[in-house]
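The sequence and structure come first.

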Amino acid sequence: MSDVNLIEIAKKYEKNDEPGKAYQYYLEAALADDDKDAVYALANMYMLGDYVGEDFEKAAHYFEIAYERGYDLSPELFIFIGSGYENGDRYREKMPEAARKWYQMAAEAGVDYAYACLGKLLYEGDCGEQDYQKAYECFIKAGEKESMTLYYSKTNNIEKGYRFRKRSI
């Protein structure tokens with residue numbers, strides 16, 4: 001559907017005193033014009049359920065588009081979205097690969113906590129890749145070494161690679 005058609009639909013909703021639906025179509029039309037502010041507004045609308053049904057995946061999709069178009073998103077939002085994908089909820093399944101992508105974006109934006117999130121995914125193998133060495137490196141980058149003592153040791157079974165053990169301080 002073209003942005004012209006979306007605008008016509010929005011106008012019909014506006015005339016029928018349905019501002020929520022009109023707002024949605026106006027914003028979707030703005031997407032066609034690379035308007036990063038409109039895309040961000042649309043993402044918030046879906047995240048909060050304002051005027052439209054709450055839809056986490058659509059919100060994340062539009063936040064990503066806004067970010068790609070140059071909108072200055074808070075890196076903490078990346079953590080929030082990553083956590084939503086990692087944990088899922090009663091409406092959607094866990095999506096660890098999507099979580100990993102958002103945590104990586106947060107890490108690249110300078111959020112140390114993102115490395116702890118990545119480390120957890122790698123340590124538990126939730127992304128299909130269980131890599132204790134990479135997990136350890138992420139925990140070190142996150143500064144987790146200050147809050148707990150982590151060390152890894154080779155196990156008898158070489159296939160298990162490395163594992164972490166907690167030591168009380």
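Two residues are in contact when they have heavy atoms within 4.5 Å.

## Basis of the model

This is a predicted model, in which local features need pLDDT of at least 70 and side-chain atom pairs count only at pLDDT 80 or more, while totals for chains, interfaces and linings use all residues. Residues are numbered from 1 along each chain as its sequence is written, and side-chain values use heavy atoms, with hydrogens and water left out.

## Overall content

The protein has nine helices and two strands. Helices (H or I, at least four residues) and strands (E, at least two) are DSSP runs, numbered from the N terminus. Read from the N terminus, the order is α-α-α-α-α-α-α-α-α-β-β.

Of the 169 residues in the protein, 38% are buried. Buried stands for under 20% relative accessible area, exposed for over 50% and partly exposed for values in between, with a 1.4 Å probe and protein chains only. Among contacts with a separation of 6 or more, 36% join residues 24 or more positions apart.

## Helix H6

Helix H6 covers residues 96-108, and its end C-alpha atoms are 18 Å apart. After H6 comes glycine 110, which has a positive phi near 100 degrees.

The buried residues of H6 are Ala98, Ala99, Trp102, Tyr103, Met105, Ala106 and Ala107. They pack against helix H4 (56-68), helix H5 (75-87) and helix H7 (112-124).

## H5 against H6

The axes of H5 and H6 come within 8 Å and cross at roughly 165 degrees. H5 is therefore roughly antiparallel to H6. Axes are lines fitted to C-alpha atoms, for helices over the stretch in contact, and angles run from 0 to 180 degrees between N-to-C directions. Angles under 35 degrees count as roughly parallel, over 145 as roughly antiparallel, 65 to 115 as roughly perpendicular and the rest as oblique.

On the H5 side the contact is made by Pro75, Phe78, Ile79, Ile81, Gly82, Ser83, Tyr85 and Glu86. H6 contributes Pro96, Ala98, Ala99, Trp102, Tyr103, Met105 and Ala106.

## Leucine 121

Leucine 121 lies in helix H7 and counts as buried because its relative accessibility is 1%. Leaving out residues up to four places away in sequence, leucine 121 touches Glu86, Pro96, Ala99, Arg100, Tyr103, Asp126, Cys127 and Glu129.

Definitions and conventions: The expected span of a helix is 1.5 Å times one less than its number of residues.
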